[in-house]
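I opened my notebook to look at one structure. I began with the surface and then turned to the aromatic rings.

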Amino acid sequence: MPYSVNDLADQAGVSVEALERLSSSLPAGSGWLYVRSAHRKRRGGIREVFKPLPPFDAINKNLHRAFINLLPYEAPSHVHGFVRGRSTVTNARQHLGKACVLRMDLEDFFPSIDAATVRSSLRELGYEEKAADLAVNLVTIGDKLPIGLSTSPLLSNVAFLSTDHSLAEYAQSEGLSFTRYVDDLAFSGDVADRHSTEITRILDNAGWSVNTHKTAFMRRGGPQYVTGLYVGEPDAPRIPRKVKRKMRWILHVVSKFGYDTYMEDFGGREDRMRPRRLLGWACHIAAVEPDVGFPLLRAFSDLISDDDEDEELEDLHDLL
């Protein structure tokens, strides 16, 4: 069914007039509608993260819930990022014990999705022209899909859908396993150099760019990692050994000297290991290797307390 401007306002939980005022204010809304922060990437460049403020935050969350319920999007079976019931673990599980794993990363995935692409996707999914234009103004910043808004993950999956199908068809024709977790693409099986070239061509033709610095062929017998998990054994994904060693070392320091001393004198502040992040790491390990993670989680829970600090968006892969 088509969705009108009135439908969009109902989905956002405000009046049409309020929605239009917000839409016209967003281009100059930095500081009172959202906070923009810049994070330096490990291999150079800057990643911009946007934190929406009230009332924009509530409206964006309402639109996200509406999109989930209303848009006829069904995530392909190989897509594991931002899909209920799927995770880095289910993603990595598809590549266990393979002869070779090819990992490829998309360059600036969210910001590379422009307003025109989002508008086209919404139009195809049933939004009337004026409603689509208004919605695009509310879910893009600077004509790009921003990192940090509640609506961005689902809309990124919608925008990538046709490319998902193309890559899945190619992988099937080559007898390869294929998964995507946000901008992280993994292909496994009897992978050859030509596969990387042909996959890059598919992505280029669809308007996406590959971050060649992160392309990696990982062959059996050497390190094989998918979404940060070791997949070299056929039974289950594993947390990397260096992560487990680091967490055990932190537990030792905190147990002996206390959390505050760890933060001040043992690098905790530099690693940004606030309680919420430290406990989050323990939860992540427990989800992958319960016998390792749950003892860590119980110990850290006894030694430190979570706080209510509003922490910046963190990428788990940036820790080590």
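This is a predicted model: local features need pLDDT of at least 70, side-chain atom pairs count only at pLDDT 80 or more; totals for chains, interfaces and linings use all residues.

**Surface and rings**

I checked how much is covered. Buried residues make up 47% of the 320 residues.

I then searched for a nonpolar patch. Trp249, Phe257 and Phe266 make one of about 280 Å². I found Phe257 in helix H10, residues 241–257. Phe257 is partly exposed, because its relative accessibility is 42%, between the 20% and 50% cut-offs.

I listed the elements next. The protein has 13 helices and eight strands. Its radius of gyration is 21 Å, close to the 20 Å of the globule rule for 320 residues, so the protein is as compact as a globular protein of that length.

I turned to the rings. The whole structure holds 14 aromatic pairs. One of them joins Phe82 and Phe110; it is tilted, with 6.2 Å centre to centre and 50° between the planes. These two residues are 28 residues apart, Phe82 in the loop between H3 and H4, Phe110 in the loop between E3 and H5. Is each buried or exposed? Phe82 is partly exposed at 46%, whereas Phe110 is buried at 9%.

Phe109 is buried at 3% relative accessible area, and Phe160 is buried at 0%.

My last entry is a cluster: ring pairs link Phe82, Phe109, Phe110, Phe160 and Trp208.

How values were computed: Residues are numbered from 1 along each chain as its sequence is written. Side-chain values use heavy atoms; hydrogens and water are left out. Patches are made of residues with over 30% relative accessible area and no salt bridge: like charges are joined within 9 Å, nonpolar side chains (Val, Leu, Ile, Met, Phe, Trp, Tyr) within 5 Å. Accessible areas come from the Shrake-Rupley method with a 1.4 Å probe; for residues, only the protein chains shown count as cover. A salt bridge is a side-chain nitrogen of Lys or Arg within 4 Å of a carboxyl oxygen of Asp or Glu. Helices (H or I, at least four residues) and strands (E, at least two) are DSSP runs, numbered from the N terminus. Buried means under 20% relative accessible area, exposed over 50%, partly exposed in between (1.4 Å probe, protein chains only). The radius of gyration is taken over C-alpha atoms; the globule rule is 2.2 Å times the number of residues to the power 0.38. Rings of Phe, Tyr and Trp (its six-membered ring) pair if their centres lie within 6.5 Å; planes under 30 degrees apart count as stacked, over 60 as edge-to-face and the rest as tilted.
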